[in-house]
Amino acid sequence: MKRLANLPPRTKRILFSVLLAFLLVFPFLDTGQANIDIAANCAAYAALALGLNIVVGFTGLLDLGYAAFFAIGAYAYGILNSYQLHPAWSNGWAPLAAIGFVAKLGAGAAATVHFTFPFWVMLPVSAVIAAGFGVAFGAPTLRLKGDYLAIVTLGFGEIVPIVVRNWSSLTNGAEGLNGVAPPSVFGHSFGIDSTPYYYVGLGIVLLLLFISQRLKPSRIGRAWMAIREDEIAAGAMGIHTTRLKLLAFAMGAGFAGLTGTFYIAKLQTATPDMFDLPVSIMVLVMIVLGGLGSVWGAIIGAVLLQLLQAWFLPELSAMVQALGNAVHSPFLSNLELTSASELIFGIILVTMMLYRRDGIVPASRNEVRLSFAQQDAAVSRGSLPAVERLSRASAQAAAAGAPAALAVRDLTVKFGGLTALKSVSLDVPAGGIVAVIGPNGSGKSTLFNSITGLVTPSGGSIDFAGHELIGQRPDQILRYGVARTFQNIRLFPNLTVMENVLIGQHTHLKAGPAGIVLGLGGVRAEEREAREFVLELLAMFGNRLIPRIDQGVAQLSYANRRRVEIARALATRPRLLMLDEPTAGMNPAESLELAEQIAGFRDLGLTVLLVEHKLDVVTRLADNVIVLDYGEKLAEGPADVVRRDEAVIEAYIGRGAVNA
Ligand code: ADP
Ligand code: MG
């Protein structure tokens, strides 16, 4: 299955066509209504799995109450196309009656309204209603992370069926809605024939598959995956994390709402227990089984589990019972395996976690090793296009606004009782390179975190190009032109080099969900250009990264990961680039190579703020050095002066060294 993902596109297309042809003729193979019905249910669950895959698989938001949105879509149609509600007729209903959305029952004063909203209208409308609930529920809760979010969604998933059970006037309570109308086409009702439902289900899955496939390798899909991989780094790359999480939640809910309408139209009844917790868990197991984040995996997982439940377990039960009758074992003859399906799901989940965490179709590709030819691929260093683009970007920004100068004044940061920074002031002039040095724990990274909005200082001010940065969200700060790398490298580990650097361009791309799904020309052109820019940027590091462009970053060497992180920061087209110990973990030759490249960034018009331990690198690069010790500024000046400063030597090496 891992191989399947790596097949050439042509082969994939042929396989897909063969599969589609089979699915189209399936009802004519005369396997019986029951099998067609099972296939239609497989489609419904595949659609649900595709929706949950956006929430959990792409974006990493553990949602344990997904079936709630399924219920909302189901009841939206169920209530609006059944006899459940029958308000008294008044002429206000006449316009709806004219377009066939309601009908008048009876005559005179006793006349009532019969809701007959067409199925085809309710499919998209239910999706929108469920998405609306997704937004309403997500807006206050998506700030929560991990376990907390799981608990809140679990609660939501419990509440919706409870409301449905108790709001009898609207839902007919536990007895369920009855007489939900089946869809019809040109006046022909689908009735209880499984075949038309099968085709509608197939159509829905194809549509949702298409949407998922388009979104995944887009600006939005990458932003979702960035949030899943490292939410802090995603914010630092300019992604408005709350908004994108909400979009994922709404979209997943929309898929579920649409599927709910389909499912209920097929059954022509709806009861609250069709949407209880086990359904949410089952859909979750489907996508874990298929491979979290894998679009085809979601479909395969859903089909497999649905077949297991609807076909394999009953068959197996019948066989076991027959065996029980033959050997006169009452235990075996009464064994009902279908009622143990939740236990079986649990076993599947545990087994997958133990032996194949990536699922049947793993979402992240693990590229094979490089050939010698690839490793030797010579690329000229300092590729001109990237240099040009970056310097053009900074020239434009400089012309448009205040100079890219950073001014930190009296910055104080407290962590409980610990004061990590005490009234620190420093300046980074536009176009300058300033280095911050100091022993471990002296507050260097805290300074970086304060500037980029990850830590809220308790006092002081940080001005960048006329913007006060304190109190701003990280993605907003990035939009002002401040990009950074992290001391402990925060790449998106399961994404490729290309994807990581593309995410750096998030704020410069404009594609929205509709443009992406429709594949508009502008979106495609923008994407092509973004990829070209990545290649140009990576060429700045010679052939170190270019041959590894499709490798997962987790497979790269430490030094290469640092380079990718710098390329990702450059891709944001920053005005101020902040590097936290960029040469840590590099050997002396690599450190000097990088120092040379950083010196080149100045020629691009960038301002650089750098935390660095290696004094030769600092001496080579920095116009000005700021020494921190215990959160206080100990010294400041040109590198060779600071280097001889007694207080600095003492802070670095200890008191004895000064006298020696
Ligand atoms: P440096 O980068 O100079 O090595 P840091 O800025 O990482 O130092 O840390 C400065 C001090 O602040 C250290 O004592 C560290 O333990 C503390 N510190 C940093 N971040 C946090 C945090 N999020 N919570 C509590 N203490 C922190
Ligand atoms: Mg640090």
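A: In this predicted model, an N or O atom in the side chain of Thr446 is placed 2.5 Å from an oxygen atom of ligand 1. The side chains of two further residues take part in such contacts: a polar atom of Lys444 lies 2.8 Å from an oxygen atom of the ligand, and a polar atom in the side chain of Ser445 is likewise 2.8 Å from a ligand oxygen. Of the 560 Å² of accessible area that ligand 1 has on its own, the protein covers 59%.

The shell around ligand 1 also takes in Phe415, Leu418, Ala420 and Gln487, as well as the residues Pro439, Asn440, Gly441, Ser442 and Gly443. Sorted by class, this shell holds 4 nonpolar, 7 polar and 1 charged residues. Two elements, strand S6 (418–428) and helix H19 (444–451), each supply at least two residues of the shell, and H19 gives the most, with 3 residues.

In the model, residues 197–215 are 100% helix and 0% strand, with their end C-alpha atoms 27 Å apart, while residues 337–355 are 79% helix and 0% strand, with 24 Å between the end C-alpha atoms.

How values were computed:
Residues numbered from 1 in each chain as written. Chains lettered and ligands numbered in written order. Predicted model: local features only at pLDDT ≥ 70, side-chain atom pairs only at ≥ 80, totals over all residues. Heavy atoms only, no water. Near = heavy atom within 4 Å. Polar contact = N/O pair within 3.5 Å; in protein donor to acceptor, adjacent residues only side chain to side chain. Areas by Shrake-Rupley, 256 points an atom, 1.4 Å probe, with all protein chains shown as cover. Helix = DSSP H or I, 4+ residues; strand = E, 2+ residues; numbered from the N terminus. Nonpolar A, V, L, I, M, F, W, Y, C, P; charged D, E, K, R; others polar.
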